[in-house]
Amino acid sequence: MLAIIGGSGLSQLSDLEATQRKVVRTPYGEPSGPLTYGKLRGSEIVFLARHGYGHTIPPHQVNYQANIWALKDAGVEAVVSVASVGGIRHDLGPGTLLVPEQIIDYTWGRRSTFFDGGDTPVTHIDFTRPYSDALRDRILRAARDCGEALLDGGVYAATQGPRLESAAEINRLERDGAEVVGMTGMPEAALAREVGLQYAAISVVANYAAGRAESTQAVPLERIEAVLDEAMRRVRRIIEALVES
Ligand code: HPA
């Protein structure tokens, strides 16, 4: 079964025929909200709103452990994360959709592993390619099938938030090789890898990152909602094509 973790701008899947909403508990606490089971284009999927259904949980307070554990426990095999980002590369303007290929983690103080000592032996996961290649390919194929533009690749920088970055911080991220910046990609991707879930992301560029293009003086926050509304319509089409494939 496929799961979608929806971020800002995607707190529900409007075309999902919800069959069940399940409040679950995990050894790591409560997920961001109930798991919504339903059928999309005839296929059973699970949806979880990362920031809660009322969009009240900030990126640094999301219980990523509980979210990933709950999905694994529900029998999910693959997780598609949808998350908004700022575009650092000049051609990644608002409304661009991409499937990132690499991650740099700048977050701190988040519970970022299930292998946290105690009775579990020291365990290291391989994270050379942090996203599932098979799932990335499926998402890219789905976008081609439904004729939506979706870029293949990009280096995702995960920052702590909830504030946006300074222009100098974005310059530093760019020197590091980052091309988009968001606040929720980690530790989600690593936790998914730890429990053997396929995991890939659709990044939705909401704005140019601080100091870039129209964000030279300030990030125009008032424009983000309209950008995301339009872009998420395209993301929903891609997800529908994905579950049909
Ligand atoms: N920075 C970090 N996270 C984001 C941004 C940004 O500019 N836009 C959307 N999520």
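**Cavities and ligand shell**

Tutor: The lining of the second largest cavity holds three nonpolar, one polar and three charged residues. Ala, Val, Leu, Ile, Met, Phe, Trp, Tyr, Cys and Pro count as nonpolar, Asp, Glu, Lys and Arg as charged, and the others, Gly among them, as polar. The model is predicted: local features need pLDDT of at least 70, side-chain atom pairs need 80 or more, and totals for chains, interfaces and linings use all residues. Residues are numbered from 1 along each chain as its sequence is written, and side-chain values use heavy atoms, without hydrogens or water.

Student: Which residues line the second largest cavity?

Tutor: Leu 13, Ser 14, Asp 15, Leu 16, Leu 40, Arg 236 and Glu 240. The volume is about 30 Å³, taken as the space filled by probe spheres on grid points joined across faces, edges and corners.

Student: What makes a space a cavity and not a pocket?

Tutor: The grid is 1 Å, over the protein atoms alone. In a cavity a 1.4 Å probe fits but cannot get out. A pocket is an open set with protein on both sides within 12 Å along at least five of seven lines. Lining residues have an atom within 4 Å of a point. The whole structure has two cavities of 30 Å³ or more.

Student: Which strand gives the most to the lining of the largest cavity?

Tutor: Strand 11, with three residues. Strand 11 spans 198–208. Strands are DSSP runs of E, at least two residues, numbered from the N terminus. The lining as a whole divides into five nonpolar, four polar and two charged residues.

Student: Where does the ligand sit?

Tutor: In the largest pocket. "Sits" means that more than half of its atoms lie within 2 Å of the grid points.

Student: What surrounds the ligand?

Tutor: Ser 84, Val 85, Gly 86, Leu 164, Glu 165, Val 181, Gly 182, Met 183 and Asn 207. Each is near, so a heavy atom lies within 4 Å. Strand 5 gives the most, three residues.

Student: How much of the ligand does the protein bury?

Tutor: Of the 260 Å² that the ligand exposes alone, 92%. Areas follow Shrake-Rupley with a 1.4 Å probe.

Methods. Helices (H or I, at least four residues) and strands (E, at least two) are DSSP runs, numbered from the N terminus.
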